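Okay, thanks for having me, everyone. Let me put the structure up and then walk you through a few things.

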Amino acid sequence: MLSSLDHPGFISRALGATQRKQVAQGNGFGATQYVNERLEHETDVEKWMVFCNTFQKDVENINLLATVLLTANFSFLAIQSIDQNGLSYWPQRLSYTSLLCALGSILMGLAVRTPRFFTAYSSSYFQVMALILGFPFELFLYSVFSFIAALIVHFGIHGARFQWIAAIVIFSPVVMCLGLYWFVTEPQEKQLICSWEAKGEEARGTEAAAIRGAGAV
């Protein structure tokens with residue numbers, strides 16, 4: 001579930017673009033030469049800096065939204081009809097779940113707002129890093145879902161038919177439109193990754209041409 005709500009997929013794709021693998025070769029000396037090949041995992045520093053700047057802005061935005069949602073849950077829990085039913089009241093349980101998820105999103109966002117330098121030496125390293133960096137966004141989504149559920153359940157228990165129908169009518173098109181939006185569009189970071197790769201190939205071509213020119217001289 002956590003992996004499926006990967007912002008959606010931004011962290012894995014953008015983080016993967018900062019990683020590169022290359023075969024390191026070591027030549028022997030003398031008449032007998034040998035070549036040892038090993039796979040080296042490296043992080044492209046320039047791409048990593050771009051990723052960090054983008055990630056930091058996104059975390060700051062999500063922290064702001066989580067703070068607003070935290071305030072909304074406090075206001076919801078202060079309603080008399082919510083508070084007087086005790087902790088066994090399902091809307092109160094859902095609201096507390098939303099509150100804790102929003103608080104966790106804020107705390108996690110503050111912890112990873114500026115990501116520490118990372119190199120994916122294995123696929124498990126990469127998956128763990130993607131999960132950690134995506135956690136503030138995932139907790140925020142859980143907080144939103146829990147808060148919406150708390151409202152709908154509260155309306156249903158008190159027989160507020162108009163409010164219950166209004167919530168269903170409003171949120172159903174929102175979910176449907178978001179699904180269609182993600183289906184018919186491409187993530188912006190995909191284009192950014194392609195531009196990174198194009199620049200890298202251009203730089204390698206320029207470097208190879210310079211080496212050939214120096215050899216010809």
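**A walk along helix α2**

So, let's begin with Glu-60, which is partly exposed at 39% relative accessibility; that label covers the range between buried, under 20% relative accessible area, and exposed, over 50%, using a 1.4 Å probe and protein chains only. Before I go on: this is a predicted model, where local features need pLDDT of at least 70 and side-chain atom pairs 80 or more, while totals for chains, interfaces and linings use all residues. Residues are numbered from 1 along each chain as its sequence is written, and side-chain values use heavy atoms, without hydrogens and water.

What does Glu-60 pair with? It forms a salt bridge with Arg-113, with the closest N and O atoms 3.3 Å apart. By salt bridge I mean a side-chain nitrogen of Lys or Arg within 4 Å of a carboxyl oxygen of Asp or Glu, and the count here comes to one. Glu-60 sits in helix α2 and Arg-113 in the loop between α4 and α5, so the pair ties together parts 53 residues apart in sequence. Arg-113 is partly exposed too, at 30%.

Now α2 itself, residues 45-77. Its 33 residues should span 48 Å at 1.5 Å a residue, and the end C-alpha atoms are 47 Å apart, which agrees.

Then there's the largest nonpolar core, with 32 residues: buried Ala, Val, Leu, Ile, Met, Phe, Trp, Tyr and Cys joined through side-chain atoms within 4.5 Å. Helix α2 gives the largest share, 11 residues. Among the members touching the most others are Trp-48, Phe-51 and Phe-55.

Conventions. Helices (H or I, at least four residues) and strands (E, at least two) are DSSP runs, numbered from the N terminus. The expected span of a helix is 1.5 Å times one less than its number of residues.
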